[in-house]
Amino acid sequence: MKDGFYLSVYVNPVGLQRLANVTYRHDNNVSLWHKNGRNVRLIAHWEIERLSGQKQHRTPFFDRAHLVDFTQERLAEHELALDDMVEIWGTPDIDTVDNYHLVDDYPQIAYHALAHLYSAVLLDTEKYNHGTTVGFAVDRGPEFVLERDITDKWFAGCVIRDGKISIFPTASPAPLYGAAKDRFHQREGTLMALATATKAHGTCDRQAIVDNYTFDDIMSLTMPAEALERIIDQVQQTLVLDPQFSAEDCLVSAVMQEVQAISVAIMEKNVDAVLAEYDIDPTQSRLALAGGYALNCPTNSHLMNRYGFSELVAPPCVGDNGQSIGIALAAFAKKCGADGFDFRFPTAYLGGIGGDLDAALREHAAFVQSTTPIDDATMVADLQAGPVIWFNGRSEIGPRALGNRSLIADPTTYRSKELLNDYKQRQWWRPVAPVALEEHLDTWFENSRPSPYMLETFTIREEARDRIPAVAHLDYSARVQSVTAEQNPELHHLLSAFHTATGVPMLCNTSLNDAGEPIIERIDEAINFALRKRISVVYANGQRIELGNFDAYAVEGPLPRDHTRFTTIQEEQADKLSTELNPFGIPALQLHHFLHDFTLIDRFDITTEDGAAGALRAVEEEFANNPQAKQKSERRYMERGTKFSSLGAVYVF
């Protein structure tokens with residue numbers, strides 16, 4: 001394998017998919033790598049939502065030129081270009097080779113799950129090649145861009161012993177959480193938080209759900225929804241309300257408590273089966289997790305505590321926003337052998353530098369009261385006065401604030417939680433996470449371990465609960481991020497200063513973003529947030545910035561990011577592309593359905609007259625024979641909020 005730069009790209013296909021706003025992948029992302037002899041280094045990881053402003057970014061690029069231009073802009077940040085790449089992997093529109101993926105290596109398991117798996121188990125090749133690791137890729141389901149016919153198992157588990165990997169199918173609780181998301185129209189994280197926010201409760205036959213429903217293959221599309229309705233029916237009959245919450249919130253909370261318990265039971269079943277079959281002592285083994293369900297901190301900690309695994313191994317971007325990392329690590333393993341290269345995940349701070357601070361200060365000069373170097377005593381006093389913005393260096397990757405794009409506050413007063421939720425337009429009951437000095441974890445939390453990426457939940461020790469009310473859930477648990485001086489020296493210094501002054505080695509830490517937007521990437525976006533929310537102090541790259549004159553700030557919402565290129569296409573552009581790619585005018589609804597069915601895409605070339613006629617006939621036959629399929633397409637089509645040109649192409653959404 002040649003030395004040089006490599007690029008892995010996890011985005012949606014371009015072309016008609018863009019016109020019809022048909023997406024197969026969400027949380028699109030790109031990773032830049034460098035190989036020098038045995039040494040492989042991850043240089044940068046771009047989560048496109050941070051740049052586009054579209055939460056869980058999924059909108060396709062308009063065409064290959066658009067994708068290339070966007071990628072060139074990212075590489076230019078590192079004084080590179082596409083021509084400097086030895087190989088490009090991950091998306092057919094930009095791939096330069098086709099020998100990197102594992103589609104043919106494991107035909108019975110979704111490649112999407114395999115990429116998740118490798119994003120965790122290969123975070124450190126030294127650990128991969130020495131000792132035992134048990135791994136699980138647990139997500140809601142795969143995507144079909146690189147492989148078409150996934151007829152068997154969707155999720156993957158593995159056992160690795162001294163570099164020898166055995167991969168097998170497993171079950172995932174994520175489809176059950178996904179069914180709840182669809183049913184209650186709330187994101188999984190919100191549902192998980194609501195489960196622990198109320199005293200409402202009810203019961204269901206948990207074991208019957210685990211025993212009677214499938215959570216490992218294509219049936220995961222339908223069975224979880226059926227299982228969820230069964231849970232809801234049983235919980236409704238036994239529901240005890242919490243007077244602080246509405247009846248609807250109480251029902252959702254009680255249902256999600258049962259969903260969480262069932263999810264844990266599914267994961268226990270996975271682990272028990274692996275430990276028994278491979279005769280593994282978990283106390284002498286690591287647990288590696290990836291996939292969206294690995295964001296479920298209570299489950300992660302439960303598995304660690306119950307089985308006594310020696311270490312939890314997971315990237316900060318465990319969901320699909322880490323797919324390009326998994327794609328690349330699997331490719332290096334395939335091409336070099338897992339013992340043929342050296343890699344250690346460097347840090348979570350692999351995003352952009354966030355713009356020019358001096359330029360941002362000049363632009364907002366009318367609101368800048370002072371700019372001074374950081375002083376420990378002033379910093380502590382600022383935190384005790386109210387939440388501040390902490391903006392430092394390159395942005396963190398993954399969905400959680402890890403201290404470089406954060407709102408931070410004093411955890412010793414419940415008022416901090418109220419203010420943070422108010423700033424972010426969140427429900428009053430939403431918990432706030434603590435970021436803590438790793439060396440003091442055990443004094444404040446039971447059964448604690450290093451948790452650098454906020455992927456574990458620990459219980460606050462009884463004697464400490466009254467001291468940090470802002471970060472405690474109803475059950476006195478907290479989703480903890482631990483910090484060492486090596487991981488983040490600036491944040492560690494801040495925490496140490498607060499600890500010296502107050503005796504408390506932690507702060508409230510929540511992501512720097514408004515409701516519905518991704519974590520802020522740039523300093524001008526951070527200042528905009530501060531001015532709109534009347535937050536008077538911003539700490540940015542070693543400077544204390546005091547703001548004022550808030551009444552004169554006329555901007556009412558977040559600064560626009562790169563929305564235009566992803567949300568609007570001129571009608572003439574759309575018509576031109578539609579003429580090229582849909583020249584025989586398949587109507588919009590039928591085209592939308594066609595693009596969601598890879599078996600049809602692979603059978604018919606709709607740029608030919610015969611292919612277009614065959615595709616239209618196949619869609620109409622399916623609509624006639626399966627009215628539910630037509631209804632699903634109509635609903636999905638309408639939910640996109642699309643407008644169509646005379647040729648049936650979406651040009652604005």
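Let's start with Ile 586: if you skip its neighbours within four places in sequence, Ile 586 touches Leu 591, Ile 606, Ala 612, Ala 615 and Leu 616. Keep in mind that this is a predicted model. To find Ile 586, look in the loop that runs between helix H20 (571–581) and helix H21 (588–595). So is Ile 586 buried or exposed? Its relative accessibility is 3%, and under 20% counts as buried, so Ile 586 is buried. Ala 613 sits 27 residues away from Ile 586 in sequence, yet C-alpha to C-alpha the two are 8.4 Å apart in space.

Next, a pair of helices. H7 (residues 188–195) and H10 (residues 247–278) have axes that come within 8 Å and cross at roughly 95°, so the two helices are roughly perpendicular to each other. Who meets whom there? On the H7 side we have Leu 191, Leu 194 and Ala 195, and on the H10 side Asp 249, Val 252, Ser 253, Met 256 and Gln 257. That contact splits into five nonpolar residues, two polar and one charged.

Last stop, the second largest pocket, with a volume of about 880 Å³. It's lined by 31 residues, and the closest to its centre are Lys 127, Arg 344, Pro 452, Tyr 453 and Gln 487. Two strands, E9 (311–313) and E16 (477–483), each give two or more residues to the lining, and E9 gives the most, with three. By type, the lining has 16 nonpolar, seven polar and eight charged residues.

Methods:
Residues numbered from 1 in each chain as written. Predicted model: local features only at pLDDT ≥ 70, side-chain atom pairs only at ≥ 80, totals over all residues. Heavy atoms only, no water. 1 Å grid on protein atoms, 1.4 Å probe; cavity = no way out; pocket = protein on both sides within 12 Å on 5 of 7 lines; lining within 4 Å. Points joined across faces, edges and corners; volume = space filled by probe spheres on them. Helix = DSSP H or I, 4+ residues; strand = E, 2+ residues; numbered from the N terminus. Nonpolar A, V, L, I, M, F, W, Y, C, P; charged D, E, K, R; others polar. Axes fitted to C-alpha atoms, helices over the stretch in contact; angles between N-to-C directions. Parallel < 35°, antiparallel > 145°, perpendicular 65-115°, else oblique. Contact = heavy atoms within 4.5 Å. Buried < 20%, exposed > 50% of the residue type's maximum accessible area, 1.4 Å probe, protein only.
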